Amino acid sequence: MNKFRFMIHDSIILSSEINDISSFSSDNPIRISSNGHKDNKIVLANARYVTELDYKHLEKVFNMADADILAIEVDADLCGFREKIAFNSTGNIVGLRRIFSDSIVPSSMPDDWPVLLFISSNVLRNCPEIGIIPEKFSDFINLCTRHSLTSRCLRVAGISHDLYCINELLDYLEKNLTAKTISTSLPSVIAHNSIIKGKILAGNNVIIGQNTLLIGPCVIGDNTVIGDNAIIRNSIIGHNLNINDETYQHCFVSSAGIESASYTVRMTKKNHLFKSWPWYSYAGSWKRLIDILFAFIILLMSIPVFIIVAIAIKYSSPGPVFFKHKRQGLHGKDFYCIKFRTMIVGADDIQDQLRKINEVDGPQFKMDDDPRVNAIGKFLRDTCIDEIPQFINVLKGEMSVIGPRPSPEKENTFCAYWRDARLSVRPGITGLWQVMRTRKEGQDFQEWVIHDTSYVKNISLKNDINICLLTVKHIFKSILEQF
């Protein structure tokens, strides 16, 4: 019970490290100081809130932030693995975007104490007055302003439970007391015909009477007697209480009275559909080792090709030798896919104008006689030479030799969420879709998604070898057709 009382105490929590939390009383101003000469990050956490955050990412943000004081607010809408719908002024849907990673956005400074407050220990050494934390957050910001300290506020992705709100307090209790890491602390005295189900945390000298039913998660305070025929479910019972023949569900009971809560489901991070494999399996480690070896050999053998193609591209049209395009790879992480440039500079800007004569369905774009292709581009594409630089992406761990087609975000947003399974593995230079597509009118997009998800479901060394052989066959056939 001490830990629970500590969690709902109206105070500011001090921590020199994220995992080392100590509590302080709010009756007197809190004095914090910095010891040593290392520039540590002092973290003040508001005990009113319990948060689920990526703290390692937060530390990196603070190191990059150009501020002495960094206030952190938590916003569940910024969590990854969600879909956001954009509306116009008339309420019509104009766009859909799938977010694969947590977001951080600037925000205005709050009026009250934020969820977290980062302070550089250098500030405490140079301005000792800052180490005395006042009761009001506005007074603290004014104090920082007088010392010419820079302060910023960020809203970060995460889940925050306001322990002053009975709904959120009970939701937090239900989530955490059902975790496997929490052990049950049973009452001191339990009548033989009482029933206890679920997780129960009981204080000292708790007595359970006859015919009583306790359904966890529940917290029962010190010196409390749950008398005969009582029913307690998902509730918090305070200290020094006597309860007889009463029923309490989803409520907080104390000497001051009863505060009930409507049952709510707390929003948490959406479980993604990425597939995983044991590290010792082919997909878990061996495939990556083969990728590295194969890519190294291909790049070494392709050095003369790089030189010849680079000269040809420079001679055929102005612009860079390589073209980099942002794609979404493993778990939706963005990376720049590298190819030899086969189009004129600014080809992406012209694509929307050509969309009405697109020759494939879905969000993809393809034309056999694309006017944006430069003089040597068609040959590079038909022979697949333009994709040789992607072996650099393979060495960097952004792609695989064989895998699903690497696609940009604007194409992935057209896929239903269950199709995110295709992002469970690194995208490939070649893949099942590339060697099996039929190019039938109105079916290419569906074939792309089906073949990619099928590849992830049945990934194996045997399948990769078959795809590799079919790809080599296709390349030789394409080269012969050029002559």
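The analysis rests on a predicted model, for which local features need pLDDT of at least 70 and side-chain atom pairs count only at pLDDT 80 or more, whereas totals for chains, interfaces and linings use all residues. Residues are numbered from 1 along each chain as its sequence is written, and side-chain values use heavy atoms, with hydrogens and water left out.

Side chains of opposite charge can pair when their charged atoms come close. With a salt bridge defined as a side-chain nitrogen of Lys or Arg within 4 Å of a carboxyl oxygen of Asp or Glu, the count comes to 6 salt bridges. One of them is formed by the side chains of D75 and R155, with an N to O distance of 2.3 Å. Because D75 belongs to strand β6 (residues 69-75) and R155 to strand β12 (residues 151-157), this pair ties together parts that are 80 residues apart in sequence; here helices (H or I, at least four residues) and strands (E, at least two) are DSSP runs, numbered from the N terminus. Solvent exposure is classed by relative accessible area as buried (under 20%), exposed (over 50%) or partly exposed (in between), computed with a 1.4 Å probe on protein chains only. On this scale D75 counts as buried at 17%, while R155 is partly exposed at 28%.

A salt bridge also joins D464 to K287, whose closest N and O atoms are 2.9 Å apart. Since D464 lies in helix α14 (residues 461-481) and K287 in helix α6 (residues 282-301), the contact ties together parts that are 177 residues apart in sequence, and both D464 and K287 are buried. Another salt bridge is found between the side chains of D452 and R422, at 3.0 Å from N to O. This pair links distant parts of the chain, 30 residues apart, with D452 placed in helix α13 (residues 444-457) and R422 in the loop between α11 (409-412) and β30 (428-430). D452 is buried at 1% relative accessibility, and R422 is likewise buried, with a relative accessible area of 2%.

Turning to the strands, which are taken to pair if DSSP finds at least two bridges between them, an open sheet of 4 strands has the order β15-β18-β21-β24 with parallel pairing. Its edge strands, each pairing on one side only, are β15 (195-197) and β24 (247-249). Strand β21 (residues 231-233) runs parallel to β24 and is joined to it by 3 bridges, and I231 stands opposite T247 in β24.
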